[in-house]
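Here's a quick look at how the inside of this protein is put together.

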Amino acid sequence: MPVQPVEEIVGIGMPSALRRSEEKQKALQSNISTLAPFSVDEKQHDFDEKIHAKAAIKPKERDENISMAQAAQMLSQATMESEEEPDTTPTAPVNEATFKVTLKTGAEAAAAAALEEHESVVPVTFSSERSSDAVSSSTDGYTFSALSEAKFQGFHDKEVLGLLGKWGVSFAVSRFRFHESFDEEKKDAFLLDLFSSKAFQGSACRSTRKGHRAPLQRVEGKIHKVHSEELNVSVMNMGFFDRIQESGIVTPSGKIRGCFEDIIEGITINNLLRKCLVDEDDENFEIFDEGDRNELIFNLFSHIVIGGGSLNQYEDMIEPYIDTCKKLYKDLVSVCKNKTTGKMELKTFAYNVQKLDGVALFPIEEHERNICLICVDTLRRYVTYYYSAWPGESW
């Protein structure tokens with residue numbers, strides 16, 4: 001039985017085919033000077049034909065029968081030989097092909113390598129392009145998370161809690177973290193996002209009915225708008241209240257002077273301190289001008305002095321009011337030192353929320369003694385919620 005020539009067996013007789021191709025290569029080099037210039041496409045075609053000749057197979061058979069390792073070996077050897085050939089490309093500039101490089105996973109790269117054709121003779125310009133969804137920006141408003149373990153040295157102080165209870169003040173206080181930079185010009189959007197967030201509605205509380213013993217419930221529901229007033233935050237020390245003693249409202253010992261009892265908007269007025277805070281006709285009302293009365297610390301002080309209506313057990317001395325106000329104020333504001341000037345600065349924005357569209361915030365709407373403070377700490381990205389509703393005269 002005749003033996004089949006080894007070189008005719010595809011995938012096994014490759015060395016013999018390569019030896020014959022070397023002879024053809026030498027003949028080709030001897031006649032290279034007679035070749036006419038050709039285009040990039042013709043050069044690529046000629047290159048493919050030489051590879052097919054070395055493999056001694058048809059193009060279709062190569063993809064079906066030659067292993068990847070053998071094809072790579074042939075490609076490497078053919079590339080080395082083509083580099084030794086004289087460059088017969090025309091001197092006119094040729095537009096170089098370009099493609100974009102995209103990073104792939106190991107599996108994707110292996111799959112791509114198995115499919116792509118050789119590109120070694122094509123000039124390449126690399127360009128990189130960042131995926132549009134590689135980095136997501138926060139364009140959907142502010143987001144919040146509840147700080148359920150937040151500690152308030154003032155509001156949680158035993159002495160402060162005892163005094164607030166004595167003055168009939170029922171309150172709720174919560175703290176949240178916001179995850180985007182605060183923009184003062186977008187404060188309305190910030191407040192709406194805060195009151196509408198799951199974190200806020202899952203922990204912040206409010207009163208839903210009148211009375212000193214009304215239980216607090218969650219702030220829940222669809223909120224369409226937050227009505228608020230911005231407060232000044234500029235007072236750095238308790239010297240702000242020295243004018244009270246200077247005007248004779250309290251004695252040098254700190255005792256609050258009394259007056260004839262009166263009732264204004266349900267508030268019992270029985271001393272000069274309460275009178276100067278509430279009665280616009282009082283001669284001492286103007287010791288605090290409009291700007292002073294818009295200060296966060298003034299709103300806190302007035303809130304605890306007026307207290308919770310009929311259950312308020314008033315103080316005879318001013319000191320407990322001043323000390324308690326100081327402790328609460330420190331819980332609501334953030335202070336830092338300016339490295340340039342060396343001075344201390346307050347980094348807090350404060351807002352007094354009067355009402356919400358969509359949800360009842362207070363059982364007695366628009367009463368002057370309702371208080372809902374939102375204090376934004378821009379240093380630590382904290383927002384503190386303090387709430388106390390005017391209870392009215394009912395139990």
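A nonpolar core here is a set of buried Ala, Val, Leu, Ile, Met, Phe, Trp, Tyr and Cys residues joined through side-chain atoms within 4.5 Å, where buried means under 20% relative accessible area with a 1.4 Å probe and protein chains only. The model is predicted: local features need pLDDT of at least 70, side-chain atom pairs count only at pLDDT 80 or more, and totals for chains, interfaces and linings use all residues. Residues are numbered from 1 along each chain as its sequence is written, and side-chain values use heavy atoms, with hydrogens and water left out.

The largest such core holds 49 residues, and those with the most contacts inside it include Phe 241, Leu 296, Phe 301 and Tyr 329. Among the elements giving two or more residues are helix H10 (272-278), helix H12 (296-306) and helix H13 (319-332), with helices being DSSP runs of H or I, at least four residues, and strands runs of E, at least two. H12 brings the largest share, eight residues.

## Around Phe 301

Leaving aside residues up to four places away in sequence, Phe 301 touches Phe 241, Ile 244, Leu 273, Leu 277, Ile 318, Tyr 321, Ile 322 and Cys 325 (contact: heavy atoms within 4.5 Å). There's also a second, separate core of 30 residues, with Phe 176, Phe 178, Val 226 and Ile 374 among them.

Terms used:
Buried means under 20% relative accessible area, exposed over 50%, partly exposed in between (1.4 Å probe, protein chains only).
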